[in-house]
Amino acid sequence: EVIKVNNGQELVPILPVPPEIRPTLVKYRFEVLFWGLRDLKRVQFMSVDRPRVDIECGGHIIQSSVITNARKNPNFSMMVKHIDIELPEQELYCPPLTIRVVDCRSFGRFTLVGTHTSNSIHKFFYQPRSKR
């Protein structure tokens, strides 16, 4: 089935990926434990007072709660969050895991504090031990 998309003035066909090429997807529970943030450096000459962590994988984002006062209590109020996502079985096709820390500043502004990308999410998979 060819899908046609209006690209300004003309219709451009979008061809679907054939099923024999598409990687097989498996459903996973993506669970994150948010503990806290400590020793955050200044960003744009201002201290980081209200940080939040965003974790992205495969277009899905898990956001932590905002730490209201990082100096008094650097721990998150809600520690566990999870989503169910479908990821490819083969490690080669898995999307990267991106971790971002942002500071929630006044007037709805968000300032990027830091970011990290891990190319292999497979090393974080939990393999339950079988009882013998």
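1. Secondary structure. Please keep in mind that this is a predicted model. The protein chain has zero helices and eight strands, and reading along the sequence gives the pattern β-β-β-β-β-β-β-β.

2. Overall dimensions. The radius of gyration of the protein chain is 20 Å, well over the 14 Å that the globule rule gives for 132 residues, so the chain is more spread out than a compact globule. Along the principal axes, the C-alpha atoms fill a box of roughly 65 × 55 × 20 Å.

3. Burial and surface. Of the 132 residues in the protein chain, 27% count as buried. The accessible surface comes to about 10,300 Å², and carbon and sulfur atoms account for 54% of that surface.

4. Contacts along the chain. Taking the contacts of the protein chain with a separation of 6 or more, 57% are between residues 24 or more positions apart.

5. Charges. I find 19 positive and 13 negative side chains in the protein chain. The centres of these two sets lie 11 Å apart.

6. Aspartate 103. This is a residue I would enjoy looking at with you. Aspartate 103 sits in strand β7, which covers residues 97-104. Is aspartate 103 buried or exposed? Its relative accessible area is 2%, under the 20% cut-off, so aspartate 103 counts as buried.

7. Partners of aspartate 103. Which side chain makes a polar contact with the side chain of aspartate 103? The partner is arginine 105, at 2.9 Å. Leaving aside neighbours within four places in sequence, aspartate 103 is also in contact with Ser47, Val48, Asp49, Arg50 and Pro51, as well as with Arg109, Phe110, Thr111 and Val113.

8. Proline 96. Where is proline 96 placed? Proline 96 belongs to the loop between β6 (80-88) and β7. With a relative accessibility of 38%, which falls between the 20% and 50% cut-offs, proline 96 counts as partly exposed.

9. Surroundings of proline 96. Again leaving aside neighbours within four places in sequence, proline 96 is in contact with Glu56, Cys57 and Gly58, and with Thr117, Ser118 and Asn119. The C-alpha atoms of proline 96 and glycine 59 are separated by 9.9 Å, while the two residues are 37 residues apart along the chain.

How values were computed: Residues are numbered from 1 along each chain as its sequence is written. This is a predicted model: local features need pLDDT of at least 70, side-chain atom pairs count only at pLDDT 80 or more; totals for chains, interfaces and linings use all residues. Side-chain values use heavy atoms; hydrogens and water are left out. Helices (H or I, at least four residues) and strands (E, at least two) are DSSP runs, numbered from the N terminus. Buried means under 20% relative accessible area, exposed over 50%, partly exposed in between (1.4 Å probe, protein chains only). A polar contact is a pair of N or O atoms within 3.5 Å; within protein, one must be able to donate a hydrogen and the other to accept it, and residues adjacent in sequence count only if both atoms are side-chain atoms. Contact means heavy atoms within 4.5 Å. The radius of gyration is taken over C-alpha atoms; the globule rule is 2.2 Å times the number of residues to the power 0.38. Accessible areas come from the Shrake-Rupley method with a 1.4 Å probe; for residues, only the protein chains shown count as cover. Lys and Arg count as positive and Asp and Glu as negative; His and the chain ends are not counted. The place of a charge is taken as NZ of Lys, CZ of Arg, CG of Asp or CD of Glu.
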